[in-house]
Amino acid sequence: MEFLLYLTPIGREIVQNVIRAGYPVRENIEFCKDKNRFGYGNFDKMVICTKNIKNSGYNLKTYINETVYHEAVHMAHMCNGYKPFNISVKDMPLPWNKLEDIKKSVKMSTASRQMEHEAYWMEDKPQKVNYVIKKYCF
């Protein structure tokens, strides 16, 4: 899987923990034909759309890691019975562009607004992502 080449050490650990939790990790599958999608996590797998990230013009290493962290949060949601962790939105400040991304993500997925907010908030906090994976999946 090509995306592994761009991961930080904690990103690799997070992927290993997702796999240890029983979720396969896939890359560039059918879901990724929608060029606006960078990844997803659902009841049976985590997907990274490396080709879409590469073609986006965004910083490749940054966006691959953020996508892995974001989707890994959703895998922890799965381990939590597909429920949010109920972190107060007041404790998870986000810039306006990520708040807009939440609106788009909620329309494209089955995740709740709270779950998307948690995932967007943690996508640049890999230590917190690793914590919720370990807390809810093991």
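Packing here rests on contact, meaning heavy atoms within 4.5 Å. Helices are DSSP runs (H or I, at least four residues) numbered from the N terminus. What you are looking at is a predicted model, in which local features need pLDDT of at least 70, side-chain atom pairs count only at pLDDT 80 or more, and totals for chains, interfaces and linings use all residues. Residues are numbered from 1 along each chain as its sequence is written, and side-chain values use heavy atoms, with hydrogens and water left out.

Let's stay with α5 for a moment. Eight of its ten residues are buried, so α5 is largely enclosed by the rest of the structure. Buried means under 20% relative accessible area, exposed means over 50%, and partly exposed lies in between (1.4 Å probe, protein chains only). The buried residues of α5 are M115, E116, H117, E118, A119, Y120, W121 and M122.

How does α4 lie against α5? The two helices pack at an angle of about 135 degrees, with their axes 9 Å apart. That makes α4 oblique to α5. The axes are lines fitted to C-alpha atoms, for helices over the stretch in contact, and the angles run from 0 to 180 degrees between N-to-C directions. Angles under 35 degrees count as roughly parallel, over 145 as roughly antiparallel, 65 to 115 as roughly perpendicular and the rest as oblique. On the α4 side, K98, L99, D101, I102, K103, S105 and V106 meet R113, E116, H117 and Y120 of α5.

Now move along to α6 (residues 126-137), a helix of twelve residues. Which residues of α6 are buried? They are P126, V129, N130, V132, I133 and C137. These residues cover an arc of only 165 degrees around the axis, which puts them on the same side of α6. The arc is that of the directions from the helix axis to the C-beta atoms. An α-helix has 3.6 residues a turn, so residues three or four places apart point the same way. On the other side of α6, Q127 and Y131 are exposed. The buried residues of α6 pack against α1 (9-20), α3 (60-79) and α5 (113-122).

Finally, look at α1 and α3, which pack at an angle of about 30 degrees with their axes 10 Å apart. That makes α1 roughly parallel to α3. Here I10, G11, I14, V15 and V18 in α1 meet N65, V68, Y69, A72 and M75 in α3.

Conventions: The expected span of a helix is 1.5 Å times one less than its number of residues.
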